[in-house]
Amino acid sequence: MLLDEIRERVLKGDQRAIARAATLVENRHATQLLRELFPHTGKALVIGITGAPGAGKSTFASQLTRVLRAESKRVGVIAVDPTSPYSGGAILGDRIRMLEHYSDSGVFIRSMATRGWLGGLAPAAADMTVLFDAAGCDVIIVETVGVGQDEVEIAKLADVTLVVLTPNAGDDVQALKAGIMEIADVFVLNKSDLDGADKLERELKASFTLSHRPDGWTPLVVRTVAGEGKGIAEALNAVREYEATGLGKRKGGEVWAVRLREMLRERLLERYDPTVFERAARAVVNHETDPYTVIEELLGQQ
């Protein structure tokens, strides 16, 4: 399939073309395609879902997709899974939980491996949102891998960030306050039928009084039991309440400034053969040179 054909079919929402394009994106062979698709983007709402492993993020994402499809919204789902130590690909736990949507032509699902990247996202996740946006998705759900309190990269990508917590999972609020707590636009208190839900909600709301966001937004707290489909509509209403403020779109300039730096860093690294770093590292270890000289010499080659 030629590039022009892929582009035209992606813009028409053709699932086979989107799957082909997604493979090109993930393998970092889609720069020209993304360049041509970008003018057709900017319409989709990107919802980030993050939280600790076992919080029910995948089940929540599946239920949220169901509610959105009931409204006839076209949905793209990017599920970032752990990387297999054997194949280097994604361990498809999240995809299994999304099986009910696979026969739905209005849902596009892509599982991606982290491939060693920190922060809970995959290297090509941002480019995948460009693809899904151009393909006509109204909403793009990005579910992070679930690595803990340093998983804050999603806030640089999503228009609205949801942090999923569960009762009795340790000292949740204190443990998360330094990192992931600060990126939440909406807190989803999942498995809220368990003991400890009231206590966790009180601690969350009490933490809001201790610090205030620069944009003035106070995160909303929504209770859900995702396994039973309870509270999902309320969570979507909370997302829309934040979206209506315009705060998510207003941070776009700051977000793109970060993404442009990351894109530049990645493109610069692609110009070097990996063995260059290995040889330089050995020279540094043996004190044949110093790391500062190495960097200056590498920059001088550009």
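Below is a chat about a predicted model of one protein chain.

Visitor: Before we start, how are residues numbered, and what kind of model is this?
Guide: Residues are numbered from 1 along each chain as its sequence is written, and side-chain values use heavy atoms, with hydrogens and water left out. This is a predicted model, where local features need pLDDT of at least 70, side-chain atom pairs count only at pLDDT 80 or more, and totals for chains, interfaces and linings use all residues.

Visitor: Okay, how many helices and strands does the protein chain have?
Guide: There are 13 helices and seven strands. Both are DSSP runs numbered from the N terminus: helices are H or I with at least four residues, strands are E with at least two.

Visitor: And what share of the protein chain counts as buried?
Guide: 47% of its 302 residues. Buried means under 20% relative accessible area, with a 1.4 Å probe and protein chains only.

Visitor: What about contacts between residues 24 or more positions apart?
Guide: They account for 75% of the contacts with a separation of 6 or more. A contact means heavy atoms within 4.5 Å.

Visitor: Let's look at the start of the chain. Where is Ile6, and is Ile6 buried or exposed?
Guide: Ile6 is in helix α1, residues 3-11. Ile6 is buried, with a relative accessible area of 2%.

Visitor: Which residues does Ile6 touch?
Guide: Leaving out residues up to four places away in sequence, Ile6 touches Met1, Ala17, Arg20, Ala21, Leu24 and Leu33. The C-alpha atoms of Ile6 and Ile18 are 7.8 Å apart, and these two residues are 12 apart along the chain.

Visitor: New topic: how do α4 and α9 cross?
Guide: The axes of α4 and helix α9 (residues 232-245) come within 9 Å and cross at roughly 80°. These two are therefore roughly perpendicular, the term for 65 to 115 degrees. Phe60, Gln63, Leu64, Val67 and Leu68 in α4 meet Ile232, Ala235, Leu236 and Arg240 in α9. Seven of the contact residues are nonpolar, one is polar and one is charged.

Visitor: What does the side chain of Thr65 reach?
Guide: The backbone oxygen of Ala61, at 2.8 Å. Thr65 is found in helix α4, residues 57-70, and is buried with a relative accessible area of 0%.

Visitor: Last one: how do α12 and α13 cross?
Guide: Helix α12 (residues 274-285) and helix α13 (residues 291-300) have axes that come within 10 Å and cross at roughly 150°. That makes α12 roughly antiparallel to α13. Val276, Phe277, Ala280 and Val284 in α12 meet Pro291, Val294 and Leu298 in α13. This contact has seven nonpolar, no polar and no charged residues.

Conventions. Buried means under 20% relative accessible area, exposed over 50%, partly exposed in between (1.4 Å probe, protein chains only). A polar contact is a pair of N or O atoms within 3.5 Å; within protein, one must be able to donate a hydrogen and the other to accept it, and residues adjacent in sequence count only if both atoms are side-chain atoms. Axes are lines fitted to C-alpha atoms, for helices over the stretch in contact, and angles run from 0 to 180 degrees between N-to-C directions. Angles under 35 degrees count as roughly parallel, over 145 as roughly antiparallel, 65 to 115 as roughly perpendicular and the rest as oblique. Ala, Val, Leu, Ile, Met, Phe, Trp, Tyr, Cys and Pro count as nonpolar, Asp, Glu, Lys and Arg as charged, and the others, Gly among them, as polar.
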